[in-house]
Amino acid sequence: MTTHPVAWVCVVIFVIAYIAVMAEEKIHLRKSKPVILAAGLIWALIAWLAKEQGVAHSDLSQAVMHDLEEYAAMFLFLLVAMTYINAMEERHVFASLRSWLVQKGFNFRQLFWVTGVLAFFISPIADNLTTALLMGAVIMAVGQKDVRFISLAMVNVVVASNAGGAFSPFGDITTLMVWQAGKVEFAQFFTLFIPSVVNFLLPAMIMSAFVSTGQPLPIKDQISIRPGGLVICILFLLTIAIAVSFEHFLGLPPFMGMMTGLALLMFYTYFLNLKGLTSSKLFPSGMHNYENLDVFQRVARAEWDTLLFFFGVIFSVGGLRYLGYLEVVSELMYNGIGESWTNIAAGVISAIVDNIPVMFAILGMNPQMDTFQWLLITLTAGVGGSLLSVGSAAGVALMGTSKGHYTFLSHLRWSWVIALGYIASILAHFLLNGESFI
């Protein structure tokens, strides 16, 4: 049905919606809104077209339910992860780390490396968006009015967060999608560790030469972790282990393990509340106010815009797949120019379009690729977003919190350096993981 005028209208609707997503910072329209509307309109047009073509309602319903299954598994997994991150934030885990870094007395160049290295190693667990926001807060706190340092350090954090997230199933939504789809085993993701290190280190070494060795002004900012914060960190790691075990040993979807881990958090916060460790406020009756660490409040503070954006993307791209467009693109790209060049190009495209729809479209095409090629697209989609500030959630988030010190143009000045890291990481993958680039 790709040549039908109604199908063309569906493509136009998706393009318009995604232009609105890319212009989020300018028009101040949350990215979930246009794609959810697009998803509804696309499937309404598909249903009308299917009726005209004599397609059975059951076949159409089955296609929609397939997309719903994809979304539900990802939604539950991400919701648990976000809830844990919010609980750790409420217990001042991240604020304590920031306070420790600020008080250590590092000079600007040392802070450039410390924030970059921490971003690289935190993002595989806490995801690249949360990591970028945490390190961005540190940079803003110590950088004060040094625009050059703030700009360079934030570019470095974006690259480090995306690179660190590329070698872990939990570091980015795209890696999670590949794992959930069963294309790559959990342990196989870690073969991307060295290429990810190369992607981070090469640009960082070049940019660090332009960072001052001066000393920032001292800041008195001492924050301690609240009671239970470290235990919640341990429970989060245990939850990840449960999710992996459920998938590897029991053959259950990873979200089942994550939901089990959410129950552990619920019971732990319940016992914290019983001991009165979550609040110092008292009601007149003498009862503690236990609402400060209510897990359901942590759920409410999840990134709902991101979760609903993901809904719109899955159902919009799913609609285009149902019409046959992904099959056409797959034929032109994967069978035309080859797997390697297509996967490398997809990483560059993800810097403009965002890696989530790119990865979901490729999973929808379902090209017959070996593990090496699935790891290649995982790497390129993960780190390709660093080429532009709008190419990843980490970059967009830091533009919003940097008070104009980190912008699209300030990132673009260093895109050539990031591109060197992108190329070097791809070559490292080919060299280390066993396939000839030719």
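Histidine 28 lies in the loop between H2 and H3, helices being DSSP runs (H or I) of at least four residues, numbered from the N terminus. At 67% relative accessibility, histidine 28 counts as exposed; the scale used here calls a residue buried under 20% relative accessible area, exposed over 50%, and partly exposed in between (1.4 Å probe, protein chains only). The model is predicted, so local features need pLDDT of at least 70 and side-chain atom pairs count only at pLDDT 80 or more, while totals for chains, interfaces and linings use all residues. Residues are numbered from 1 along each chain as its sequence is written, and side-chain values use heavy atoms, with hydrogens and water left out.

**Backbone angles**

- Phi of histidine 28 is near 55°, a positive value in a residue other than glycine.
- Asparagine 366 is not a glycine either, and its phi is positive at about 50°.
- The loop between H17 and helix H18 (371-383) holds asparagine 366, which counts as partly exposed because its relative accessibility is 34%.

**Salt bridges**

- Side chains of opposite charge can pair when their charged atoms come close.
- Five salt bridges are found in a search of the whole structure; the term requires a side-chain nitrogen of Lys or Arg within 4 Å of a carboxyl oxygen of Asp or Glu.
- Arginine 30 and aspartate 305 form a salt bridge through their side chains, at 3.5 Å from N to O. This pair links distant parts of the chain, 275 residues apart: arginine 30 is in the loop between helix H2 (24-27) and helix H3 (32-53), and aspartate 305 is in helix H14 (residues 304-323).
- Arginine 30 is partly exposed because its relative accessibility is 45%, whereas aspartate 305 is buried at 9%.
- Lysine 31 also forms a salt bridge with aspartate 305, and the closest N and O atoms are 3.1 Å apart. Lysine 31 lies in the loop between H2 and H3 and aspartate 305 in helix H14, so this pair ties together parts that are 274 residues apart in sequence.
- Both lysine 31 and aspartate 305 are buried.
- Glutamate 90 forms a salt bridge with arginine 91, with 2.7 Å between the closest N and O atoms. Glutamate 90 is buried, its relative accessible area being 9%, and arginine 91 is buried with a value of 1%.

- Rolling a probe the size of a water molecule over the atoms shows where empty space is left.
- At least two lining residues come from each of helix H1 (5-22), H14, helix H15 (325-333), helix H16 (339-353) and helix H17 (355-365).
- By type, the lining has 20 nonpolar residues, one polar and no charged. Ala, Val, Leu, Ile, Met, Phe, Trp, Tyr, Cys and Pro count as nonpolar, Asp, Glu, Lys and Arg as charged, and the others, Gly among them, as polar.

**A nonpolar surface patch**

- Phe249, Leu250, Leu252 and Met256 make up a nonpolar patch on the surface, and their accessible area together is about 420 Å².
- Residues in a patch have over 30% relative accessible area and no salt bridge; nonpolar side chains (Val, Leu, Ile, Met, Phe, Trp, Tyr) are joined within 5 Å, and like charges within 9 Å. Accessible areas come from the Shrake-Rupley method with a 1.4 Å probe, and for residues only the protein chains shown count as cover.
- Phenylalanine 249 belongs to helix H11 (residues 229-249) and counts as exposed because its relative accessibility is 64%.

**Separations across the chain**

- Isoleucine 16 is in helix H1 and is exposed at 54% relative accessibility. Its C-alpha atom is separated by 33 Å from that of leucine 134, 118 residues apart along the chain.
- Glycine 338 lies in the loop between H15 and H16 and is partly exposed, with a relative accessible area of 22%.
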